[in-house]
Amino acid sequence: MQLGVRMETGVVRGADGRRRCGWSVGTDDYAAYHDDEWGRPVVDDVRLYEKLVLEGFQSGLSWLTILRKRDNFRVAFAGFDPEVVAGYGAADVDRLLADAGIVRHRGKIEAAVANAGAVLRAQESHGSLAALIWSFEPRRRGRPVPVDLSQLPARTDESTALAKELKRCGFRFIGPTTAYAAMQSLGLVNDHLKGCSVRGACESDRRSVTVPTA
């Protein structure tokens, strides 16, 4: 969890009566992201690439900043089509550095382009980026349900191993902490707190999703 905001650490009842993880209170953007995306399993390579890129751009910033610029990022990066972005050159990097609608950071922009090529290499070696990422899903049996954000780890053995494998494929700006934040977002782990109204829905979504394998 790398939200970059001061937050409640437990479950909070919102104005609509729904109980949510405390980090999602305060803005409609966070509430919608919490309810509809965070912890829901993602198995599509384009969406996975988008999530990894945005996690990289978020480093040092509030996640709210990224959420509010996400549509601009999608335009700037061709809908996060890795085949298109992998072909970006120096002129495209300069164009993106001049785009006020996104985060104008040369290292992060160049990493996003490099990561598109890494997606293609992951597809060649693992069949899909999804197959690579989901191979690091932790074993769920016996994992305690968190009741407070302080119980959530910043990184795990699985996120460390995932980051290592992604780097082997050529990914940049993906360390163990960023990898764990991605695992939370992508539904590899369900870190919605006990009593959160969304936790059960995420569990149900995971049971209904077929995870690709290499």
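**Ground rules.** I number residues from 1 along each chain as its sequence is written, and I leave out hydrogens and water, using heavy atoms for side-chain values. Because the model is predicted, local features need pLDDT of at least 70 and side-chain atom pairs count only at pLDDT 80 or more, while totals for chains, interfaces and linings use all residues.

**Entry 1, the loop.** I looked up alanine 78, which lies in the loop between α3 (63–76) and α4 (82–85), helices here being DSSP runs of H or I with at least four residues and strands runs of E with at least two, numbered from the N terminus. Alanine 78 has a positive phi of about 55 degrees although it is not a glycine. I noted that most residues other than glycine have a negative phi. Phenylalanine 80, in the loop between α3 and α4 too, has a positive phi of about 60 degrees.

I then checked accessibility, where buried means under 20% relative accessible area, exposed over 50% and partly exposed in between (1.4 Å probe, protein chains only). Alanine 78 is partly exposed at 32%, whereas phenylalanine 80 is buried at 0%.

In α1 (residues 28–36) I found Tyr30, Ala31, Tyr33, His34 and Asp35 buried. Their cover includes β2 (19–21), α2 (45–58), α3 and α9 (176–186), with contact meaning heavy atoms within 4.5 Å.
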